[in-house]
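Visitor: I'd like to learn how to read a model like this one. Could you take me through it feature by feature?

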Amino acid sequence: MNMKAQFWSFDVIFSIVIFSVAITVLAFTWYQINSQLSIAYGNGAMIMQLQAGALASMLLSPGSPSNWNSYVNTTNTSTWSGISIGIGTNTSSIDPNKLYTLMSMANYNYQATKQALGVGFDYYITITGQTSRGGALNISIGENPGAHGALTVYVEKRSSYIDGMPVQVVIELWTNTPFGVE
C-alpha cells in the first residue's frame with residue numbers, strides 16, 4: 001500500500017483550480033468596484049474645481065453685455081437669462097454697481113443666481129479689503145458653507161481692486177455631498 005502519489009490526485013488539482021478562479025474573480029470584482037468609486041467621487045471633486053475656476057474668471061470679467069446690470073431687474077428672474085454675469089471692468093477692478101446688482105439678485109433668489117452663474121454647487125463669495133476712507137470692506141454673497149454643514153468645499157482666491165483699493169476675492173463652491181480625496 002503505497003500512497004505517495006495520491007496527494008496529486010484529480011480532486012486536489014480540481015480544488016486548486018477552483019480556488020484560483022475564485023480568487024481571480026474576487027480580485028477582478030474588487031478592482032471594478034474600486035475603480036467605479038474612484039470615478040464617481042473623483043469626477044465630482046474635479047467638476048467642483050473646474051466650476052470654481054470658471055466662476056472666478058467669469059465673475060472678475062466685465063460680463064456680457066458689458067453693462068449687463070442695466071438690463072437686469074433684480075426682482076424678476078426672467079430678465080436674468082441671456083446675460084453673463086461679471087462684476088469686473090476692463091481695467092481689472094470691480095464695478096461697485098455690478099457688485100451691488102449681483103448682491104441684490106442673490107438676496108432675492110439665491111437658487112436662480114446659481115443657474116445664472118453657471119454653477120451646479122452652492123457658492124459663497126467674499127470680498128475683503130480696505131475702503132478708500134480707511135474702513136474695513138467685508139462683502140459676502142451666497143450661502144456660507146460653515147453655516148450649512150458643508151462636507152466638501154473648494155476655494156478659489158483672486159485679487160482685484162475696488163475704487164483703487166486692493167481687495168481679496170474668495171470664491172467657495174460647496175456641497176453637503178462627500179467626495180473622495182484625490
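Guide: We'll go from the overall fold to single side chains. First, this is a predicted model, so to speak with entry rules: local features need pLDDT of at least 70, side-chain atom pairs count only at pLDDT 80 or more, and totals for chains, interfaces and linings use all residues. Residues are numbered from 1 along each chain as its sequence is written, and side-chain values use heavy atoms, with hydrogens and water left out.

Visitor: Which secondary structure elements does the chain have, and in what pattern?

Guide: Helices (H or I, at least four residues) and strands (E, at least two) are DSSP runs, numbered from the N terminus. Here you get 3 helices and 4 strands, following the pattern α-α-α-β-β-β-β along the sequence.

Visitor: What share of the residues is buried?

Guide: Buried means under 20% relative accessible area, exposed over 50%, and partly exposed in between (1.4 Å probe, protein chains only). Of the 182 residues, 35% count as buried.

Visitor: How do I describe a pair of aromatic rings?

Guide: You give the distance of the centres and the angle of the planes. Rings of Phe, Tyr and Trp (its six-membered ring) pair if their centres lie within 6.5 Å; planes under 30 degrees apart are stacked, over 60 edge-to-face, and the rest tilted. The count here is 1 aromatic pair. Y110 and Y123 have ring centres 5.0 Å apart and planes at 35 degrees, so the pair is tilted. Y110 sits in helix α3 and Y123 in strand β1, so the pair ties together parts 13 residues apart in sequence. Y110 is buried at 9% relative accessibility, and Y123 is buried at 0%.

Visitor: How many salt bridges are there?

Guide: A salt bridge is a side-chain nitrogen of Lys or Arg within 4 Å of a carboxyl oxygen of Asp or Glu. That gives 2. K114 and D122 meet at 3.3 Å, N to O, and both are buried. R158 and E156 make a salt bridge with their closest N and O atoms 3.1 Å apart; R158 is partly exposed at 25%, while E156 is buried at 16%.

Visitor: What about the backbone: which peptide bond is cis, and which residue has a positive phi although it is not a glycine?

Guide: The bond from S64 to P65 is cis, with omega near -10 degrees, and P65 lies in the loop between α1 (10-59) and α2. D163 has the positive phi, about 50 degrees. D163 belongs to the loop between β3 and β4 (165-175) and is exposed, with a relative accessible area of 59%.
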